[in-house]
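Let's take a friendly walk through a structure, one piece at a time. Keep the picture open beside you as you read.

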Amino acid sequence: MSKPSQENWYAKLIDIALPIFATLAALIVGAVMLLLLNVNPIEAYAALWEGAFGSQNALAETLVKATPLLLVGLGICISFRGDVINIGGEGQMIVGAIIGTQVGLRMVDSPGWLVVPLALLAGFAGGALWGGIPGLLKAYFNVNEILSTVMMNAIAVQLMTFLLRGPMIDPAQAELASKIPQTARLMENFRLPRWIPTRLHLGALIAVVLAVLVYILLWRTTWGYRIRSVGQNPDASAYAGIQVKNYIVLALVLSGAFAGLAGVMQVYGVNYRMITDGSGSGFTGRAGFNGIVAALFGQLHPLGTIPASILFGALLVGANKMQRVVQVPSALVIALNGLVVVFVVSSEIWRRKRQRRRLAAEMALQEGAPGESDGSEAAHYGGEVD
Amino acid sequence: MISDLFSMTVLVGILASGIRLATPYLYAAIGETFGQRSGVLNLGVEGQMLLGAFTAFYVAIQTGNLWLGVLSAMIVGAVMGLAMAFVTVNLQAVQGISGIGFYLFGLGLSDLLFQRVLGTVETVKGFPKFNLPVLSDLPIVGEIFFQQNILVYISFALVPLAWFVLNKTTLGLKIRAVGENPEAADSLGVSVARIRYLTIILGGTLSGIAGASLSIALLNVFQQNMTSGLGFIAVALVYFGAWRPFGVLGGALLFSLVNSLQLWVQVLGIPIPSDIAVMMPYILTILVLVISVSRVRAPSALTKPFKREE
């Protein structure tokens, strides 16, 4: 593909600008909602900014919240590129955390250098398992993965509350009447190192490294190439000899694995135990959903998902401050995230239009070129098959 | 204690509450059926239901008029549907993902409004039981079917009505044509956009009622995320019901009966952990999807935006 570099540069700029406009639009709608609730939107957003970036600690908290979003988002990049819509991040986080926590609770006599990597791997595997089931169901039974992953979320939530109230409950809590659903605390030497005095932990760094690895996976390896190829055109991929079903499963397995890692890191990096408040999002803080928002915002590009996660981490942390200062429930941010998703996917139409125009122009240049390849769909998310 | 389950009173209780619990599924899934038959997958049902549930609850508390509550829920659902239609028809956004966006929006907004406007959990005096004359006096059958609130009756009446509209009217023909072959429908002068707007707005309206049926008829409270996945199950039921209203009815009844059984198991103190019991409908959904999806074909144009060739 030889395009004038200036055209490429311009296209990239638009790609970056579109989600930013989408966010601005969401914030404007949010401001209208605030006005209707008799809250000064400038005050509210100022509190939000202050809460997210106002101090060293605020910034660290933002990064702590961004870490699971990035990890889940990386998985989303993989699955959505493979045209597999994984909505199961919540459940995959939970199952990853359950299995990873088991490692730490059972291997109390082992050294930390052994337990922590093992636990992270176990979390990775747990998420892979929970993502793999819908993957198999989609590949071999044609079950819509959106629905099956949503159901798997609900099952995981019940499994978690069952385990944390029963078999896995902290022995100390089991004695008390309150019976808070939580496990025992992890041994001190099992904790991911922190950047004292904040809660920022090594997981954030690991997530960034993994973002680079996912980029390499998707664009520099055969697996990645095939996942994307299946996502863009399953029929052509099958014709080219790719085992389409296997790559559908692989996309969901990997996607789930990253969410599982996000879950186990919440345990080993933040809370040092698995704990929930009994509600559906009590453990995950809805990171399984918000990671999707971050990945879409980052153009389903692993590196683009890094700043996107920080942005949405900031929104979440800032929302708490906003709730304290102007008494606006932090649920506002969930609504805003929903709007961002809607606006980002809606703005795709301009990208597609531009691509069609560019394609038409190219075709006009190379007269007589076969005109049937509809590049608009293939380049839907700006991906180029090498 | 297991034997308690099989006493007559308990069985009647399970069946009666099963019928009652089918209501929200029915409204939402019948609405979704119209959307999917016209080629649009609306995954925002859950969000529409939550906003409908809140609106109905709030209006009912403020005015004391339950019907006004239902009406407001319908309007809110319709407006959400309108937005969904604009995004999927005009902007041709990916339906699965934009639906998730609308879900998050409804989830956040209903919670925000609840905390901001009401603050505490309150209860409302919802739709009372309305015993159908004569029928409700029938032994057993009367108790199961005809001593329900009015929204239950309407939801069941909706099923044959939806069947009639889809299969016996010109409008239904147009809806099915747009969902199976939009190009052909378009060439015959059917406005694909108009039909899809209609079905998505209708779906939103019915989702709004589905929410209302939870907050002012079934449970008579509003809580954040009170639907807890019910809207997504409703979407799954459309697959299960093979895009046919009576199939959807079968699915809704199956689900609500399992749910009702699960609730009674807890009430009777049968020693199954409640969390495990609550899991059952979701596991059942997955199993049902496995069995049903390979059986029938979805509308051909489902999830595909329609682009008119210029």
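## A helix and what follows it

Let's start at a single spot: just after H5(A), Asn142(A) takes a positive phi of about 60 degrees. Please keep in mind throughout that this is a predicted model.

Now step back into the helix itself. H5(A) has 30 residues, and from its first C-alpha to its last it reaches 42 Å. That is close to the 44 Å expected at 1.5 Å a residue. Where does H5(A) have a kink? Look at Gly132(A), where there is a kink of about 25 degrees, shortly before the proline Pro134(A). While you are looking at helices, here is a handy general point: an α-helix has 3.6 residues a turn, so residues three or four places apart point the same way.

## Chain A as a whole

How many helices and strands are there in chain A? The chain has 15 helices and 0 strands. Its radius of gyration is 22 Å, close to the 21 Å that the globule rule gives for 386 residues, so chain A is as compact as a globular protein of that length. If you draw a box around the C-alpha atoms of chain A along the principal axes, the box is roughly 80 × 55 × 35 Å.

Of the 386 residues of chain A, 52% count as buried. Now consider the contacts in chain A between residues at least 6 apart in sequence: 78% of them join residues at least 24 apart.

## A buried alanine

Let's zoom in on one residue of chain A. Ala97(A) sits in helix H4, which covers residues 89–106 of chain A. Is Ala97(A) buried or exposed? A residue counts as buried if 20 or more other C-beta atoms lie within 10 Å of its own. Ala97(A) has 33 other C-beta atoms within 10 Å, so Ala97(A) is buried.

Which residues does Ala97(A) touch, leaving aside its neighbours within four places in sequence? Its contacts include Gly123(A), Gly263(A), Val264(A) and Phe283(A).

Chain B has 12 helices and 2 strands. The radius of gyration of chain B is 20 Å, close to the 19 Å that the globule rule gives for 310 residues, so this chain is as compact as a globular protein of that length. The C-alpha atoms of chain B fill a box of roughly 70 × 45 × 40 Å along the principal axes, and 53% of its 310 residues count as buried.

For a residue in a loop, find Lys125(B), between helix H4 (95–118) and strand S1 (129–131) of chain B. Lys125(B) has 11 of them within 10 Å, so Lys125(B) is exposed. Lys125(B) and Arg194(B) are 69 residues apart in sequence and 39 Å apart in space, C-alpha to C-alpha.

## Where the chains meet

Finally, look at both chains together: 38 residues of chain A are in contact with 42 residues of chain B. On the side of chain A that touches chain B, the elements giving two or more residues are helices H5 (112–141), H6 (145–165), H12 (287–297) and H14 (331–365) of chain A. H14(A) provides the largest share of that side, 14 residues. By class, this side of chain A has 27 nonpolar, 10 polar and 1 charged residues.

How values were computed: Residues are numbered from 1 along each chain as its sequence is written. Chains are lettered from A and ligands numbered from 1 in the order in which they are written. This is a predicted model: local features need pLDDT of at least 70, side-chain atom pairs count only at pLDDT 80 or more; totals for chains, interfaces and linings use all residues. Helices (H or I, at least four residues) and strands (E, at least two) are DSSP runs, numbered from the N terminus. A residue is buried if 20 or more other C-beta atoms lie within 10 Å of its own, exposed if 12 or fewer, and partly exposed in between; C-beta atoms are placed from the backbone. Two residues are in contact if their C-beta atoms, placed from the backbone, lie within 7 Å. The radius of gyration is taken over C-alpha atoms; the globule rule is 2.2 Å times the number of residues to the power 0.38. Ala, Val, Leu, Ile, Met, Phe, Trp, Tyr, Cys and Pro count as nonpolar, Asp, Glu, Lys and Arg as charged, and the others, Gly among them, as polar. The expected span of a helix is 1.5 Å times one less than its number of residues. The bend at a residue is the angle between axes fitted to the seven residues ending there and the seven starting there.
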